[in-house]
Structure formats: C-alpha cells, structure tokens
Amino acid sequence: MQLVDVNAAHWRSVRAIVLDRDARRCQECGELCKKGEADVHHLVPRAAGGLDEPANLITLCDGCHAARHPNLQGTLARRMIERWGLRLAKLLDREGELASVDESLAAALRLLGVSRLRDAQLEVILAALRGESLLLVSATGSGKSLCFQVPILLTPGCGFVISPLKVLMSQQVVDLQRKKIPGTFINGDLGPTEKQIRYALLRDRAIKFLFCTPERFDSGMVREAEVEEITRARPNYLVVDEAHCIDRWGSDFRPNYGRLRAARSALGDPPVLAFTATAGVESQQRILRSLGIPDARVVVTGVNRPNIALARVDGVKDEMRHALILKLLTCMPAGRAMLFVPTVKIGAQLQVGLRSLGVEVPFFHSKCGTANERETLLGRFTGRLEPAVNTVICTNAFGMGLDLPNVRLVVHWQHPASVEDYLQEFGRAGRDGAPAVAVLFTDEKDARLLEYMADLTVENADLDAAAKSIARRAKRDSIQQMKLRANARDVCFRSSIVRYFGEDETRRRQSLSLRIVDWLFSRSSQLARASGCCDRCDGVRVGNLLDWAAKMWGSAGAEVRRPLPTPQTRQTERHWKTGHRVGARRRRWARLREYLAR
C-alpha cells in the first residue's frame, strides 16, 4: 500500500511538471485545456517501454489524445511481425548486440515519422543503445540526426547536442517541436530570465534534447553559475554534431572544440556520439583522441556516390574556363548548379566573365551585402523565395549543412584545401539519387594560394608559437593530400577518395540476429549509377568534357523517361504490382514461419 502511494505521488509530481511546462495547452491543437480536460500523453507508449519521465510526456486535450495513440502504435499486423521478429532475433543473439532493444524502437521511429531506416543507421543506433561511443562519417542529408534522436528518446534522461552554429541548433529544435518532442537550446542570444526557465526545465528532467555550443562549458566566456548549472546535469549521451570542427577548428578558430573532453568529464563521462559529413582516416583518429575515446567504433558510409561522375580537367586558361562553364550550364538538365571558388576576388572575376558571355549569376560569400540580402539569396537558391535562382557562384561559406535534392552540377575553380572539403562540396550534388556531374579544374600552382591562405589563418589565431607551428603543418598536409589526388591522373579519382576515408574498412559482417532486425526496420537504398566513373576511367579531356557530361546526364533521362501509359498498360502494371506485393508478403511470412519453426 505504501509503494502504491509513493508511485501515485511521483506520478502527480511528474504530471504537474509537464502541465506547467506546456502551460496546460494541448501540444497538438494548441487549445488551452480546462481543469480535468488535460491528459498527459507518453511520446513513446508505456506499453512499448516508454518511460514515466517528464521528457517523455506532453499535454494533450481529450480529443487529440484519443486520435494520437493509434498513429504511434502502427497496424496490428506490423506490430505482431516486429514483436515476434525481435523475440526471434534476441533468441539468436549470442553476442549480446540486442540487449537493449525492444518494441520501443519501433514506437520511437514512428514518433519521428520514419517507417524504415537507411544504410548504417541501424548499426549506429544499436551501438548507441548498448552504451558505446562512436563516430559516424556520412553525407549531409543521410539521416545522421535520427541516429542520435532514437537512442536519446529510448534512454532515461536528457541528451546534450553540441552544435557549431546557432541557426543549426534552432532549426533542429523546431523540427523536434513539430513532432511534439520536448527540446530546447541555450545560447548567448537568450535573456537571463529565459535561460533560467530552460535551466529549470533541465533540472526537472522536462526536456529530452538540449542544444548548445561548446563555449557553454567555458567559464571564461559564460558566467560561472551557468556553467555549474549545465554541468550539474547528467546527460544520457553527449552528441557532437559537425565533429570535423574538432579537427579543423579546435586548435585555432573555435578552441573550445578541442576542450570537449574536459566538458564530457564534467558531465559524468556519458557515451559520445560524434557525427560529421567529412573526416578522413587520420582526421577520424584525431577527433576520437581529442574526445578521449580513441578506441571508439568508426562507421563510414556514403563516401562512394556512384550517381556522381567526377572529372578533373587541367591546363585550361581562365577565359576558356568561363566559356566551358557556360556550356556545361547550357547542356545541364533541369536542376541546380553550384560553382565553387577559393576567394572573393576569383569569384568576382568569374561573375564578370560569365556576365560578358550574357549570363548573370549571383555570387554568395560571407561579405556580400547585408545579412538579410545573404539570407534572401539563400532562400531563392533553395526555392523558398521568388524569383528562384538555379545557379550560384559561392565560396565554401555557402550553406553549411545545405541539403537540396536536385543539384545536377558542381564545378570547382580549383581544388579545395582538403579532401574533406572536396567531399563535402561535390557531395551536395545528386542528393535525389539521380546522376550528377562534378568538374574540378586543376593547376599545379593551386596549392600556393591555399598555403598562403592557411598561413594567414594560423598567424591571426590566438595561439602560442608551438601551437601555430602544429596548426600550420596540419593545414599544409591537408592541402598536399588533396593536391596529390587532384593531380594523380594514373589512378581512379573515385577510388582514391574512398580509400582516403576508409569506407570499405569500417563495415562489419552482420550476424543472423542483426540481419533479422535489419529486415524488420531497414530498407535498402539503391542510388542510380551514372554511366561513367571519372576522368581517368572514362578518358575525359577538355575536348570531350561536354560530350561526356551530356552522356552522364543522359543516363538520368534514360532511367526516368518512360512512354506515356495507355489504359491497357495501366491495367497490366496494376495487376503486376498487386501480384508482386502479395507474393512478397507470402514469401516474408514463409521465412518468418521457418525461423519460428526452428
């Protein structure tokens, strides 16, 4: 009886925290709930392992509460398959890889609006649920956020997410709030009162995700009382988004990225989940050492993008480059194009050169116009604002984390300062899976400009002489690694990039139990394949570049163009699809029955 009273008292206090946090407003329809009409709803259902903590609860009115439950539970048939499939997988799990997995995994995916996981997501989520620290290297737009959202949702407590930019963290909070998941951020733009409210929510365990910059743990930049407030919490995970900043900014531009190991220690040494779109093998090891997890697992996926054909072109004068770029833009299929330049001066020259040929292309860089004008140009290129812009000249400051589906062409005036930068920039093409083309102009003297710019950055950094020497050496080594790959015409360009990141070496053979879980929750992602590979494999030179590019784009047309359907072909196709689905279901049920019979 006493235990029942304690549980009831605990539930009343939890419920009061949730109602106060949500101001008694329904988080679905926004209506203010009258006394007795406010329901407290589990985001991950209690029946599927959901926790009775404020961060897993939201306020709903009676009507919205009744409507929301079936959406999270899924169909009865689907839930039965997941339940029995997981039981079978755990029965066969001799390595203990599924110790922390139950039906709540499916409920969390449905809460986040996901029906199936992409390549490598399941591996990362399962490792995180086992309490492992890891580093995931995967392209922007490949679903890295889901890899930390699911483990945080399924583990008691709050997850801390370290993000480099305020705009990125605010966008992620908005995305979570659309799904009614309690999350917030704390940064210097907030007033003292608002910060105290958010710290109080953190103390009451009423939020599931807290986003902040690494400077939030630095008493030299933030009031010591605030540092104590945030380090008093014991997060279930420490997530480091854009983890390449540790290697590239941790020694000069953002030194607090190099101090995250100490911040983790102050937080009680939670598991670290680090994510980046670009980090080579050596950079991966530097990131892990800096975080204090040198032996953590590394998962690399998405480096080899078979739908992007790569071409290096050398010996082309500036004026001829302008004309060649214009011809590429002319023969490009419908979509977007990005023209990367190393400096503002070269970008302005390219803009003038294209203008003299009758084409006006906007130029985006960190100093162009006002902040509002830069945001407007970004909005026009992404399609949020009119009139739309389909081609832009840009420096590498353009759109960190930009994820657009139909970039068909990426041109580099010269090779970037690292292989990581190059993958990040040409990897913005072909996100929709259709063939795209990346053209890289090369010249032996390109490295000189990059080394000069690197030396200038190091000299302006607030570092002692020894640290400057180390930073300068690291930047020059990155430049040389990229120069080597840009000018080595006797090897496949694609293969040299894949080897640099070590993608093939990080994939592990799945056990039978993992294959069952993969069948339950994942989907195979097959990218279209361009009809070519790179300049070395396809024999691309200046003279045949346009024909080669047209052929690459033409392979997209061959795949997507289909004859207009007639009533007869529609009926035939409908019968075939129906029969195919029925046959596939029968085969899946037969496999499941076979597993259960064993």
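In what order do the 7 strands of the open sheet lie, and with what pairing? The order is β5-β6-β4-β7-β8-β3-β9, and the pairing is parallel, where two strands are said to pair if DSSP finds at least two bridges between them, and where strands (E, at least two residues) and helices (H or I, at least four) are DSSP runs numbered from the N terminus. The structure is a predicted model, in which local features need pLDDT of at least 70 and side-chain atom pairs count only at pLDDT 80 or more, whereas totals for chains, interfaces and linings use all residues. Residues are numbered from 1 along each chain as its sequence is written, and side-chain values use heavy atoms, with hydrogens and water left out.

The edges of this sheet are formed by β5 (183-185) and β9 (297-300), each of which pairs on one side only, and the twist from one strand to the next averages 15°. Within the sheet, strand β4 (residues 159-162) runs parallel to strand β6 (residues 209-212) and is joined to it by 4 bridges; V161 has F211 of β6 as its bridge partner.

Parallel pairing also involves strand β13 (residues 391-394), which is linked to strand β11 (residues 336-340) over 4 bridges and to strand β12 (residues 363-364) over 2 bridges. On β13, V392 stands opposite M338, while I393 stands opposite F363. The side chains of T391 and I393 point one way from β13 and those of V392 and C394 the other way, and all are buried, that is, under 20% relative accessible area with a 1.4 Å probe and protein chains only.

Among the helices, α4 (residues 104-111) packs with α6 (residues 144-154) at an angle of about 125°, the axes being 10 Å apart; axes are lines fitted to C-alpha atoms over the stretch in contact, and angles run from 0 to 180 degrees between N-to-C directions. The contact (heavy atoms within 4.5 Å) is made by S104, L105, A108, L109 and L111 of α4 together with L146, V150, L153 and L154 of α6, and its residues divide into 8 nonpolar, 1 polar and no charged.

Helix α19 (residues 493-501) is largely enclosed by the rest of the structure, because 7 of its 9 residues are buried. These buried residues are F493, R494, S496, I497, V498, Y500 and F501. Just after α19, G502 takes a positive phi of about 65°.

Definitions and conventions
Ala, Val, Leu, Ile, Met, Phe, Trp, Tyr, Cys and Pro count as nonpolar, Asp, Glu, Lys and Arg as charged, and the others, Gly among them, as polar. Buried means under 20% relative accessible area, exposed over 50%, partly exposed in between (1.4 Å probe, protein chains only).
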